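Welcome, and thanks for opening the viewer. Keep your selection tool ready, and let us walk through this structure stop by stop.

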Amino acid sequence: MAENRKLTVSSSPHIRSAQDTRSIMLDVIIALSPALLVAVYVFGLRALVLTCVSVAASVFFEWAYRKLMKKPSSIGDLSAVITGMLIAYCLPANTPYWIPVIAAFFAIVIVKQLYGGIGKNFLNPALAGRAFVVASWPALLALSPAPLGYDSIFNFGSDAVTAATPMASLHAGSLPDVGILDMFLGKIGGSLGEVSSFALLVGGAYLVIRKIICCRIPVSYILTVAVLTFIFPKGNNNLQWMLYNLLGGGLMLGAIFMATDYSTSPVTPKGQIIFGIGCGLLTVFIRYFGSYVEGVSYAILIMNVCVWLIDKYTLPRRFGVTREDKRSAKKSKEVAAQ
Amino acid sequence: MSFKFHGGVHPPDKKSPADKTQVIPLNPPSLVVIPMSLHIGAPCRPAVKVGDMVKLGQKIGDSDAPVSAPIHATVSGKVTAVEPRLTPAGTMVTSVVIENDGMDTPCETMVPHSEEELSDPDAIVALIREAGIVGMGGATFPTAFKITSGKGKVDTVIINGAECEPYITSDYRTMLEHPEEVLGGIRLIMKACGVSRAIFAIEDNKADAIALLKSKNSENSGIDILPLKTLYPQGAEKQLIKTVTGLEVPPGGLPAAVGCAVFNCFTAYSVYRAAYEGRPAIERVVTVAGSAMEQPKNYLVRVGTPLEYVFEQAGGFIKEPHKVIMGGPMMGVAVHDLSVPVIKGTNALLAFCEDETRTVENPTCIRCGKCVEVCPMNLLPLYMYMYEQKDDYAGMERNRLTDCIECGACAYNCPGRLHLTHSFRAGKAKIAARAAAEKARAEATKAATTV
Ligand code: SF4
Ligand code: SF4
């Protein structure tokens, strides 16, 4: 009794799972790496350098903003690293180095930090950053280098041979001149991180196994696109048209890594499915009827805006209240009103 | 056949090695402090005064209120004080302090009940009340009242042997060491409730207890021993009922609304002892564990024993504890003063040295939805938290903050390290305070208009 003990008093629970924000983000970075490896293989080391520039810029802006605003530093949560990677992933490998820096500024400062930082932004920072640079310098980003278009992977110039991406021919209504296996593995033109559906699916599987994301959004998104493109093949073979639509362009990258962004996707199970379907519908709509070649990024950005609404109207069923209960309550109310 | 509730978490169970060793009866201390409120409901009036000599098991406090349970002396000796003392909950409650004479002289009332008496349901209820038996799992709801209030509505008795909190093995050891007594207690509860069926639900991480109980259970006893998947909070009343029967207790309702009554397995054991040994609820098995203890073990501890005495007898702290918890790590209360006594619902005392709560300086919600994924009440903890922080009552109500059972699963799982469960406790208090204020205002205006 004489002992003077200092015991902490805090509210339960007194234990916590080891998983924290940082470990989650680290898992996402791991899941994103296979796509980067393929990008280096397909487009040369420039893809890696471009990604590093983008990551460095994102982390710098995150640090600098919080420092200037005298807010606690948040670069330790590693979310800025992911934003940087994703920005680079949706740019062609021959993009001038200053472009991702500007995109990173827009993504981190305007889209993310001005709204209060991680968890508070309502637009996907990487996609918004990309949309901003695409709108500002469309000519610079229109063409992607052809796969292995460099003399060697050590060619760092941005003057490589360029070629139309599979997405461009799909937009024109015809099947691209690439084998389906090359499409799947990523030996195609396109933004540097989106080309290999295989690498992205491996990353996605890792995220699902580690329970970082659940498959509701990616599956409902990809399925919606699959069904729609299968039904409306624009005069092509249904199956082929569907497969090229799934593998070409940014669908896998978008569905697995962008649409599942925590801050900008719903948290309710029903809401996640609605969100995925919405993304799928808009993607196909833009691809078919829009002037842009690719619809993934705008589809996701549009759905981002609806997230709060979706969450609000997809409250899970209340424990102890079954659907029958609700119906009978409604009925008795109507009876009372009469 | 069993059903599944939504969500749940798998915290590391840490039940070993305390689960391996026999329960050790702890020598009663030289002084016990017995609060006159060891249960939910009306507190008891002390029936003794300073200077009185009391015997072991003698009634020292009672109340006429229906929701209450009498309190007995847990040692024999002299009453040295009847005064407010600190309780584990942090409140001051009138307590009877008894100086132990070391004799354990039993009270004359501690006699076994006759078989004849035990065939009458009302007599069983009466003896359960007289023995001061309450929900021994920690809820401490008076058992006799639970039985009488459920009469006619309850057709299924569920015995909670889930013990889903990490570290705790007190029920498990009781099942292993006293299987017949536990089953006997269940039969008495069934008789008292007037039902022919009971389901004894046990998490499947206690396989040997399940096997043992099955072997001791006679076929026509009406008791079903049901293994449950190990998942926290399997032992929470509403979740247990859902798993066992598939039924959901409606919001704000009692288990009787779906025909169920849930009793803890230690409660059943206590009923047995009260009936066949005449021993009232004066002691319980307590798991003493945590990183500040060398040897986690189970002790049979008298109610009223100061915590510091329990820890001392259990070998003392090997390292300076940072936090001491009464109950499990998910739902237990942290105590700051070790002079507070063990109470009827104390199933564990845990002393931790390092901070296992992994608190961070700036808890930040990243909207990962992991709280939603695990909430067993189908709630959206992140939104409840947001509205609670903003004092937005409409938002709290829309998100059904009052449905929260404070199980802690969301906060356990939150990577942003938000103090979710704490916020919901605060939110409930705010809502209650506002409702009270509104009622008072309405009454005041009513009074003003009638004048
Ligand atoms: S688990 Fe924590 S960080 Fe994730 S959504 Fe819930 S409150 Fe936010
Ligand atoms: S503490 Fe409340 S909100 Fe959190 S998981 Fe448990 S019931 Fe759900």
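A salt bridge is a side-chain nitrogen of Lys or Arg within 4 Å of a carboxyl oxygen of Asp or Glu. Keep that rule in mind, and remember throughout that this is a predicted model.

**Stop 1: a salt bridge in chain B**

Select B:Arg197 and B:Asp224 and show their side chains. The two meet in a salt bridge, at 4.0 Å from N to O. Why does this pair tie together parts that are 27 residues apart in sequence? B:Arg197 lies in the loop between α4 (179–193) and β10 (198–203) of chain B, and B:Asp224 lies in strand β11 (residues 223–228) of chain B, so the pair ties together parts that are 27 residues apart in sequence. Side chains of opposite charge can pair when their charged atoms come close. Over all chains, the structure holds 29 salt bridges.

**Stop 2: the domains of chain B**

Now colour chain B by its domains. Domain 1 covers 18–22 + 111–276, domain 2 covers 26–100, domain 3 covers 283–356 and domain 4 covers 370–449. Hide domains 2 and 3 for a moment and look at the other two. How far apart are the C-alpha centres of domain 1 and domain 4 of chain B? They lie 31 Å apart.

The two domains also touch: 6 residues of domain 1 of chain B are in contact with 5 residues of domain 4 of chain B. About 450 Å² is buried between these domains, with carbon and sulfur atoms giving 62% of that area. Together they supply 65% of the area that domain 1 of chain B buries against domain 4 of chain B, more than any other three residues. The count of salt bridges between these two domains is 0, while 2 residue pairs are in polar contact across their interface. On the domain 1 side, the touching residues divide into 4 nonpolar, 1 polar and 1 charged.

**Stop 3: the two ligands**

Select ligand 1 and show what surrounds it. Its shell includes the cysteines B:Cys365, B:Cys368, B:Cys371 and B:Cys414. Among its other members are B:Ile366, B:Arg367, B:Leu382 and B:Pro415. By class, this shell has 9 nonpolar, 2 polar and 1 charged residues.

Move on to ligand 2. Which of the 15 residues around ligand 2 come nearest? They are B:Cys375, B:Cys404, B:Cys407, B:Gly408 and B:Cys410.

**Stop 4: where chain A meets chain B**

Show both chains. Here 43 residues of chain A are in contact with 63 residues of chain B. The area buried between the chains is about 4,800 Å², of which carbon and sulfur atoms give 55%. Select A:His14, A:Arg16 and A:Phe319, which supply 21% of the area that chain A buries against chain B, more than any other three residues.

Next, look for charged partners. There are 3 salt bridges between chain A and chain B. Zoom in on A:Asp311 and B:Arg367, whose side chains meet in a salt bridge at 3.2 Å, N to O. Across the interface of the two chains, 25 residue pairs are in polar contact. On the side of chain A that touches chain B, α1 (21–43) and α15 (307–313) each supply at least two residues, and the largest share, 4 residues, comes from α15(A). That side divides into 21 nonpolar, 13 polar and 9 charged residues.

**Stop 5: inside chain A**

Finally, hide chain B. Chain A is assigned domain 1 (20–160 + 179–212) and domain 2 (214–314), and 19 Å separate their C-alpha centres. In this pair, 35 residues of domain 1 are in contact with 23 residues of domain 2. The two domains of chain A bury about 2,500 Å² between them, 73% of it on carbon and sulfur atoms. Their interface has 0 salt bridges and 5 residue pairs in polar contact.

Select α1, α3 (79–89), α5 (125–136), α8 (180–185) and α9 (197–209) of chain A: these elements each give two or more residues to the side of domain 1 that touches domain 2. The largest share, 7 residues, comes from α9(A).

Methods. Residues are numbered from 1 along each chain as its sequence is written. Chains are lettered from A and ligands numbered from 1 in the order in which they are written. This is a predicted model: local features need pLDDT of at least 70, side-chain atom pairs count only at pLDDT 80 or more; totals for chains, interfaces and linings use all residues. Side-chain values use heavy atoms; hydrogens and water are left out. A residue is near a molecule or strand if one of its heavy atoms lies within 4 Å of it. Ala, Val, Leu, Ile, Met, Phe, Trp, Tyr, Cys and Pro count as nonpolar, Asp, Glu, Lys and Arg as charged, and the others, Gly among them, as polar. Contact means heavy atoms within 4.5 Å. Buried area is the accessible area (1.4 Å probe) that two parts lose on being put together, summed over both. A polar contact is a pair of N or O atoms within 3.5 Å; within protein, one must be able to donate a hydrogen and the other to accept it, and residues adjacent in sequence count only if both atoms are side-chain atoms. Domain bounds come from an automatic or database domain assignment.
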